[in-house]
Structures are given as structure tokens and as C-alpha cells.
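Please consult the sequence and the structure shown here alongside the text.

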Amino acid sequence: MSPQSGFLKQDSSAMLNRPFLPTCQSLLLSLLLLLCHWNKAASSLGEGRNIWLQPKLDPIIKDQSFLHGTFPSGFLWGSGTSAYQTEGAWNQDGKGPSIWDSFTHSVTEKLDRMTANVASDSYNRWEEDVKALEYLSVRSYSFSLSWPRLFPDGNARGQPNSAAVEHYSRLIEKLLEKKIQPIVTLHHWDLPQVLQERYGGWKNDTLVGLFEDYAAFCFHTFGSRVRYWLTMHNPFLMAVQGYGTGVHAPGEKGGPAGSLIVAHNLIRAHAKAWHTYNNHFRSTQMGKVSIVLGSHWVEPQRGQTTAVNVGLCQQSIEAVLGWFANPIFGNGDYPVSLKDKHGALLPTFTPEEKLWVQKTADFFALSFGPNNLRLGRNLVHYGQTVTPDLRRLLGWIKLEYGDPSVLVAEGGWFSEARVGREDTVAIYLMKSFINQVLRAIKFDGVQVFGYSAWSLVDGFEWNYDYTIRRGLFYVDFSQQDRTRTPKTSAQYYRQVVADNGFPSEETSREFTGHFPCEFHWGIADSTLQVHFYPFSPQFTDPHVYSWNLTGDGSLHPVPGVKLHTRPAQCTDYLAIHGHLRLFASTGASHYRFALNWSLILPQGDLSNVNTEALRYYRCVLTELKKLDLEAVVILYYPTHKVPNLGLPAPLHASGDWLNYSTVEAFQKYAALCYKELGTWVQYWITINEPNRLIDVYSAGEEKHQAAHNLLLAHAKAYRLYERDYYRQQRGLVSLALHADWAKPANPFLESHMAAAERFLLFELGRFLDPLLETRHEEKQWKGDYPHEMKAYLEERARVMGLPGSPLPSFTEPEKEELRGALSFIALNHFTTRLVSPHPHTQSSFQQKQPPDHDCLTLSDPTWPSSSLGQAVVPWGLRKMLSWMTQRYGKALPIIVTGSGVDDQAPVEDTLRQYYLRSYLQEALKALHLDGVNLQGFYVWKLQDRHAPQFGLFTSAQHQTKAKASLAVYREIITHSGFPNNDTTQTCRPTELHERCSVCLWMFKNKAMLVFGGCLLITAVILVALVVFVMITKRNQTGSRGRGKRRLDQRRRREGAPVCLCPPALQGKL
């Protein structure tokens, strides 16, 4: 050791070794130094608990769930490793044993697979590690020095191991040559075993001075080439796991008392190292020193931010991060909650020590990964939830410790060892963590200057040995050469580094334009409830009643008096009146609902037809027509919630859709509905979501047979309508498919691309290819299942040793019947799914039979989602519509017959508002930019029955109230899309809506109009009667006058005298 290092030892230890000042002087000194350290950021110290009082991110506000943007210029992208986990060469070139060598050897004897004897062999293959960093294009590499490799006896006052010094010097030089900044950790858990044996390890404060010597040597030897130093990595885990629970080396189970002592010594050792650098190296080397602290994150019980819940959350974070951060970044002492919890067990800092420990870090280095999150669960009480919310933790650090600069020194998750290079889930967790950092920078103002993806290569994962992997590069530990192969997470991280974040996507921009005039603005519902009885009893009760004869206000039938009842009219069913009035108020033009097959034909055949049910449906349809609204009627709406799959009980009992007799029964049922209701129906859907119905069958062969028969049932119903009813009714017939978009879960793997396409073919192509000609048909339209699907199932059967494909075959007449049996394409679209191939091994088949398409589905955690877990992915709708057009062309129109999202808000359903705007935006883009023949969009659904979910109207305590999303939908309908302010509406939906508005007013005021009509008719009759009487009287008067004149004329002709005297005198003459 150089004379300089001896001087450093004596100088820097003087603070702790000299006698303390008298108490009064100590307090004055404390106040003076606190004032000297005070700065503008300090005003926010200790305000971390306010983070739980801030509103949580709103996933529907732009960029809150996922921010498209870039990191600040010069952001320090990096990756990292630790010496013990990756170096191997445990006894090579004079290296001494560490506590982890001893710990793993004692547990596993000489089984290399359970030790890090070789590990990733980075000591010998460090140049391959540098090449891996070059592949990533990162600007920094965080690695640790091995204390027992540099000083096998642990004593940095002696001669160092020259081979180790040369190794680390070569590594640093090569990094600098490649313009990669070394970030060097002095101690990452691998304490020299000799120090554990001689002093008891970190329980003994002698190690504080020994660590100072070691740090001084490293600063002196490598410091001129290192800008960032980290004294130690995650001391919490060293103290708790190493000396408390014994899970980590050295394996001591000292409980809380042991952990508290070790933590105290680690903090003091760090502070000594920082002061050493600050006093003797900073002025010449201009570097920065910190300590890596790990933490979990916790949210209060059920999101309730009461003072008690917030206090519990604060205590949980203080018990891990605050334990070490509060002395270093805070007031120089332990959090009060730790003092209250541990009492006399917790060591104390003197006032002088507090000032000496305080501010001994030049930036905040954070570790956020599975190790701390696992332990965090043990610190959760009263319903709190541990969550991997890195953004909130960074916000807490800013508020609690005065807005320090932050380096995320360890960020990442793990994969199971069997995952290998295709670590798909790790991609999405990395995406989530890095985007959380970006949002913390952009929205919360946290000064994060770097991110280190952990780790660079696979290594020894402590107590999990090699059962899990955390590397960006895969290492096959069974191979001697330990080749580094980039995983897909490395490819993704490389892309993020190259883009410096997540640049905005072109497709996310808002588009302005109109939907066509004939566009269906619809509302979709399930099976329509039938209310058999009209509102008034006059239609069923013939009695006449007297009221209050006994003085008690009761009604009593009048004996012997009965009236004739009249049959109820459609207008008498107030349930229909109220329901359709609600629908008409939405401004929509089309209403999709389903008939109840089991209600209309309880026995499944025509032997028992429920004419009252048909009459009720007929009333609904005629009332819709009166409102100038169109019905889209589903013949069969399968459901999993009630018995019999929505089938009549006898049909279900006889084998449901596995029995061909159900196909024939469905054809007869369809014929009845066409005959009785077809006059008022323009659009028929034979079966709703047959691709979801087949999910109820567990066996693969049953699924295929059920799908086969459902297709035949649809085709027969279609041909029946085409042959017997189309000429008179001119309606259109289709079937509706559940059509969520499938995105390859891993964009870097061809197998995932193939899986997503295969998923779509099994979900959609299975039902559409037999009906529609595809652009991929070879010479003639086959009317059969997709050839890709058939080939896959045949190969799968061969691999599994099965006799043949489970897929049934169509006969030639059936193919002919299927071809073209579709008038339009009906799709129900709600979300997007990430699709990956199912692990395709013989053992996986034996354990549990995977689905026939061999696909797994998952969701991107950065997508906003509803309370029921539905991911809101607007661009997925456009992708789905484009895929349909590319495969089946533009000849048939596409109608989205169902789309919506659950939202628990009773009125202000902001998630659904966002859903409607964004999904219809993508529909408009598909229409105008992609040339999709899109002719309708139906919102699911009209009204909630119980708790708020999918409805545009809420129904609580029999009170119906419109939600805010209804106004959004009506506005889009009114403008027929998203017009530019400079454009004008050119089509005529305004006239239509005006006419419908008049109809609606008349419908609402029907009673008044009838009464007014009666008054008008009565007035007309009265006027006519008056006119008639007047004319009659005038005619009578005229007749008498003419008679008298004729009499006088006759008398003159006969010569009789004529008296000209007044009548009064004539009698006297």
C-alpha cells in the first residue's frame, strides 16, 4: 500500500476516533452545519408521503398509461453485472474465497451448477461482455470489483493481487476505448471470507475502517478513469438476507438485532468511503460517489388514501429504503418509524455522526427489481399492495429527499431458466419500467440521468442459483465456451437505446373526416327480455270494481257484472315503449338484439310454438319501424351463464351442437322467425360468436365438431332465406364472430408472427374461409377450412402420434351450400391480445393438452385496461379490419356489430368516452386510409341491468340515467365522424335525424296528440252540424215564402178579391 493510503486511513478515521465535544457545543455545531448544507431543494425534504395523496395516473389521459417521447439528450443508457454472479474463476490468478464461495460450497459441496465457480466466466471472457455492450450501443457499464480478488486477505494496506489490478484496468481501458462510461461498484456482497472468519463480517465495526482502506486503494488505482463510483449495492439485502434470515451469505440468522447492527456499520463504511473520495480525490478526478439503495413500492388498501393508510405506506418504504436513505440523503438519522418499531435494538448516531453521515452521496442510485419486491411483501399490512410502480417510487424519492439527481442503477426483472433466449415477458416488463422512468422525468420532474438494464449476461442468481435468468444475453451454463447470445429483450433494449426512448407513432395522430351517409350507427344488446303482460289489467280482468264502500279505500268487485276484455295492442306494452324511447334518444339508427330460441320453441321443434313471444317480438319490430329505426336480429345468442347454452332443453339433452339434429332444428326455427318477423327485419344474424361458443367444449375433437355443425346450421339458414324469403323481404343474412386482434407477443421472433396468424385463422378463418373466397385461393373457391389450418392440424397429429387430424370434412354438397353464404361480415371487436406459441414439447402435451392452435395469449402491462381487465387498444380495430380486407377483399361490407368496454363510473364514464372516440377514430382511418368497406359500428350496450359496466345508461334503484359517454356517441353521430372545422357535412343524415326527432316527439306525446285529435274531430263535427242546421232552416223558410206567392197568383187568376188591409183589420171586415 502506498504512503498516501496510510495517510488517508489516519486522516479520515479521525472524525470517529476522537472524543466527542460537550453536548451543548455538539448541538451548536449541528445547527451550524445544517445551515451550511441547506439549499433550495431541502424545503421539500420529508414530503414523500404526499405522493400517495396525488391522483393516480389516469390510463385514458393521453400519455398517462404509456408515454411516447424521448429521454433527455445525453441520457446514460447502460447495463450492469456484479463480480460474483458473472466472473467465475473463483480460485484463479490468486483470488481468495469470498463469503459466497464458502456459503455455496458448504451447501452444495462440489456441484458447480449450484455455485458460481465458473458462472458466466466473465473474468476470462470480459471482451465478449464488451462486445455485448457494443451490440446494445449503451453508453455505460456498471460492474463491481471483487474485493477478495484484489485483496485475498481482505487487507487493502497490503500488496494487491496484480493479476486482478491488471484485469480491471484492461476492462476499464477497453470500455473507454469504446466510449462506454464505467460505473464501478466497490462491494457487491462478496466480502472476503477471511474477514468473516476473523471479525464476524459486517457485524464488527472494524470492517468500517477496512472498507475505507479498500475504497481508498480503488480510488487511487482506477479513479482517474472512472467518473461514477458506487460504494456498495443494496445494503438492505446484505443486512437482512445475509445476517438476519440467513438466506444469503454468510448465512447468519441473527434476526432483526443482527440486521440492525450490520446496516449501521454498512452506512458508516459508506460514509467513510465518500469522505475519503471527497477529501482526497474529488479535486483531481472530478468523479461522483453514491450508494445503490433498493426498494419496493406499496399502495394503500383499496386505493383509500386515508391518513392512516398513507402512514402505513410511508412506514413500509421507510423500513427498506428509508432505513439507509434517511441517514445519507435526509437528516442524518434513522426514520422515526424505525425507532418506534425497534426501540433499543436500533443503534444510534451521535449528533456529530449524523452530520458526518448526512449528504454523503452525490446522486441517488436506485435498485428496483425482484429481490426487493419479494421482500417488500413481508412488510405489507392491513391490505396494502406491493406493486412494481417505479414512477411512483421515483416521485417519492424526489419529495422525500429534496429532488436529487437519480441513477436507476438496477432495473429489470427475471425469467424462468427454461425460457431461454425468447424472454417475451421480460420485454414488456422492461418496456413498462423504462416508460415509467420517462413519465417520472416528463410529468413529475424527477432528475433521472441514467438507466442500467440488469443484467448484461445471465449469471448466478444468489439463492435462486441458475433457476432464473436476468441477463440480456443468454449463457448456456452447460457449455464450456459460455457463448453470449442476445435474447429478444436485448434486441428490444437495443431498439429503445437507439431511439432514446419511445418516439411517437404516425398512426397515433388524430384523423378528421366523415363516415358515409348510409353508415350504421348502432347499439348492440343481448337477448331481449320478453314481458308477456301489458301494463293495464283491463286486458285480462273483466270485473268492474267499486271503491271505498267500506271506508278503507279498497276495491271490491261488483257482483254479477263483467265486461268484455280486449286483446292488448303493441302500444299497451309500456316495457317496449320505454325501452325503445331510451334507444331512440341515443341518436343511433340500428338496434341489434337477439331472440330467445328456447322461449319461442321450448321443445326445440314446431310442436309447441310460443305465439305470445313471437307477438311480443313483432311488437318491438313494428314500433321500431314507426320510429324509422332498423332492427338487426340475432336468431341464436349462445350464453355460458344459463343452462343449455341458450338452446331448447331437449336439443341440449340430445347432444347440443355435437348432434347434427340440432342443425336441422335450427333451420326450422330460422324458417319460423323469417316467416313471422321477416317483414320488419332488414338484417339477420344467424348465430352470435360461434367461435366463443366452442370454447365450452374441453376436448379438441368436440370443439371442431361443434364448429363444423354451427357452420352448417348457418349455411342452411342462409340458403333457406335466399330461396324462400329474399325476394319478398330483401333482407341480408350473416353470422357474427368475436374478432379481437392478435399481435405477435415478441416482434423479434418468426414463431410469434406465425402464432398470431395461426390464432386468427383458428378464430376467424375457420368460420369465414368456407363461406368467402379469399385472395389466397389457388384456382377455385373450395368452400373449405383454411388450408394452413388443415396442414397445421395434420402435422400436429403426426407429432403427437394421433391417427389423423381432428378436423371434420365437408361433403361436396355441403361445400356448395357453404360457398357465398354470407351477405355481410359481422365482427364483434373489443380488444387486442398478445399471442405467443405454446411451448411445443412432448412433456407439455402430457401435462396438459394445449389448445389446437398451440397459442398462448397475454396482455401488455402498458396498455390501459378496465376494471374487468379488458385492454383498451384502439389501433387493434384498424389492424383487424385491414386483415379482413386483405384476406377477403372489399366485395362484402364489414359491420362492427359489437364493441365496448366496462366502466364502473355511474355517470362520468371517462374510460368509455375515450374508448368510443379512439376506436371510432381508428374505424375512420380504416375506412379512408386503408380502403376498408366499413358500413357500421354498434356500441355494446344500451343499459346496465345492475352495477355500472358496459351500458350507455345506468340503472340504479329503477332509475335510468344517461352516462357521459352517451353525449360523446351522439356528438359523433351528429357530425357523422370527426369533421375538420373547415369542412361541411355533405350528406343528409341531418334531415333523417330531423324526421326522426319529429317522430320521437310524436311518440313521446302520443296521448296528447290523440286527445288533441279527438278535440279537433269533435270541433269539426260541431261546426258541420251548425252549418247543416242553418242551411236546413233557411231552406224551410224559403219553401213557405214560395208557397204563399203561388197561392196569391192562383187567386188573381180566378178573380177573387184581394184584401190589402192589415191582418188585424181583415177579421172585422
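The model is predicted: local features need pLDDT of at least 70, side-chain atom pairs count only at pLDDT 80 or more, and totals for chains, interfaces and linings use all residues. Residues are numbered from 1 along each chain as its sequence is written, and side-chain values use heavy atoms, with hydrogens and water left out.

**Helix 29 with helix 33**

- Helix 29 spans residues 750–768 and helix 33 spans residues 874–888; helices (H or I, at least four residues) and strands (E, at least two) are DSSP runs, numbered from the N terminus.
- Their axes lie 12 Å apart, at a packing angle of about 60°; axes are lines fitted to C-alpha atoms, for helices over the stretch in contact, and angles run from 0 to 180 degrees between N-to-C directions.
- The crossing of helix 29 and helix 33 is right-handed; a crossing is left-handed if the near helix is turned anticlockwise from the far one by less than a right angle, and right-handed if clockwise.
- Helix 29 contributes Glu757, Leu760, Leu761, Leu764, Gly765 and Leu768 to the contact, and helix 33 contributes Met880, Trp883, Met884, Arg887 and Tyr888; contact means heavy atoms within 4.5 Å.
- Eight nonpolar, one polar and two charged residues make up this contact of helix 29 with helix 33; Ala, Val, Leu, Ile, Met, Phe, Trp, Tyr, Cys and Pro count as nonpolar, Asp, Glu, Lys and Arg as charged, and the others, Gly among them, as polar.

**Helix 10 with helix 12**

- Helix 10 (residues 206–222) packs on helix 12 (residues 255–280) at about 35°, with 9 Å between the axes.
- Helix 10 crosses helix 12 in a right-handed sense.
- From helix 10 the contact draws on Val208, Phe211, Glu212, Ala215, Ala216 and Phe219, and from helix 12 on Asn265, Arg268, Ala269, Lys272, Ala273, Thr276 and Tyr277.
- The contact of helix 10 with helix 12 comprises eight nonpolar, two polar and three charged residues.

**Helix 23 with helix 25**

- Helix 23 (residues 611–626) and helix 25 (residues 660–677) cross at roughly 50°, their axes coming within 10 Å, and the two helices are therefore oblique to each other.
- This crossing of helix 23 and helix 25 is right-handed.
- Leu614, Tyr617, Arg618 and Leu621 of helix 23 meet Leu672, Glu676 and Leu677 of helix 25, a contact of five nonpolar, no polar and two charged residues.

**Individual residues**

- Val292, in strand 6 (residues 288–294), is buried because its relative accessible area is 0%; buried means under 20% relative accessible area, exposed over 50%, partly exposed in between (1.4 Å probe, protein chains only).
- Beyond neighbours within four places in sequence, Val292 contacts residues including Leu230, Met232, Ala365 and Ala409.
- Asn371 lies in helix 17 (residues 370–376) and counts as buried at 18% relative accessibility.
- Not counting residues up to four places away in sequence, Asn371 touches Leu237 and Arg470.
- Tyr545 belongs to strand 19 (residues 543–547) and is partly exposed, at 39% relative accessibility.
- The C-alpha atoms of Tyr545 and His556, eleven residues apart along the chain, are separated by 5.2 Å.

Notes:
Parallel < 35°, antiparallel > 145°, perpendicular 65-115°, else oblique.
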